[in-house]
Amino acid sequence: MQSGLYIIGTPIGNLADLSPRAIEILQNVDLIAAEDTRVFGKLAHHFGIKTKVVSCHEHNEREVVGSLIEKIQNGQSVAAVSDAGMPGISDPGFRIVHAARDAGVDVFIVPGPTAVISALVLSGFPTDRFTFCGFFDEKKVREDNRIRHTVVYYESPNRIMNTIKTLASVMPERKIAIVREITKIHEETIIGYPADLVNIEPPRGEIVIVVAPAPDKKMTDGEISEIVNNIVSGSTKSAAAELAVRAGISKKEAYKKLVKKL
């Protein structure tokens, strides 16, 4: 094996998605840095991978990256894997790649499944422009609504119903796709307006939410008035900012509408 860092995408559900090239490299590198050695152990056992494995996760990544880069500089080959999908995408991996680039060592990519892209394609929403915002953050969702093209989030099953309610309040005019258990037996894609999905059976498993682009046309005065009535009490300035985001109008225009309403 040529010395260097090998970033390897692993299956997100279906073991058959691990590529022959990935298997070959994992079998032949000097060392594998895994997010969870126990999780990777199951994959290694299935494919007969007997390479030495060390732990490299979000809690120890800063400490172990230096020693891994040193091994590469001494001529060894190191593979980095996360529990599922591509390392570095809301998973450990960014720091070791960054350190490898700073150190001037070779970095190679072995592509594999990625939940973000898979869900995006499954949604049927426009893919020419999209923004991945990581795990859904209720505190940032109004800011996210300023992104007028497709938006993608990760979400956990224990929070998904509250998230749908939040989206129904903040992005009522934008369709969403709830994509769960990608590549697994119970893979499912649920599409609709958030308000239509607030009472569905709570989805289980690994979940990705895809939000469709905002409509090109602005809301009518009647629709804006409805939003105004739903905005929680507070300062006119903050209410205007929220109205501007949700209605797709300028803050100045929103402020005027609020003052007129009050």
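A: Two rings of Phe, Tyr or Trp (its six-membered ring) form an aromatic pair if their centres lie within 6.5 Å; planes under 30 degrees apart are stacked, over 60 edge-to-face, and the rest tilted. This is a predicted model in which local features need pLDDT of at least 70 and side-chain atom pairs count only at pLDDT 80 or more, while totals for chains, interfaces and linings use all residues. Residues are numbered from 1 along each chain as its sequence is written, and side-chain values use heavy atoms, with hydrogens and water left out.

Q: How many aromatic pairs does the structure hold?

A: The structure holds 4 aromatic pairs. In one of them, the ring centres of F135 and Y154 are 5.5 Å apart and the planes stand at 65°, so this pair is edge-to-face.

Q: Which parts does the pair of F135 and Y154 tie together?

A: Helices (H or I, at least four residues) and strands (E, at least two) are DSSP runs, numbered from the N terminus. F135 belongs to strand β6 (residues 130–135) and Y154 to strand β7 (residues 150–155), so the pair joins parts 19 residues apart in sequence.

Q: Is Y154 buried or exposed?

A: Buried means under 20% relative accessible area, exposed over 50%, and partly exposed in between (1.4 Å probe, protein chains only). Y154, at 11%, is buried, whereas F135, at 47%, is partly exposed.

Q: How is the pair of F136 and Y153 described?

A: The pair of F136 and Y153 is edge-to-face, with 5.0 Å from centre to centre and 70° between the planes. F136 sits in the loop between β6 and α6 (141–144) and Y153 in strand β7, so parts 17 residues apart in sequence are tied together. Both F136 and Y153 are buried. Ring pairs also link F132, F135 and Y154 into a cluster.

Q: At what angle do the axes of helix α3 and helix α4 cross?

A: Axes are lines fitted to C-alpha atoms, for helices over the stretch in contact, and angles run from 0 to 180 degrees between N-to-C directions. Helix α3 (residues 61–73) and helix α4 (residues 94–103) have axes that come within 9 Å and cross at roughly 40°. The two helices are therefore oblique to each other (under 35 degrees is roughly parallel, over 145 roughly antiparallel, 65 to 115 roughly perpendicular, the rest oblique).

Q: Which residues make the contact of α3 and α4?

A: Contact means heavy atoms within 4.5 Å. Among those involved are V65, L68 and I69 of α3 and F94, I96 and A99 of α4.

Q: Where does S123 lie?

A: S123 lies in helix α5 (residues 115–123) and is buried, with a relative accessible area of 5%. Apart from neighbours within four places in sequence, S123 contacts A177, I191 and V210.
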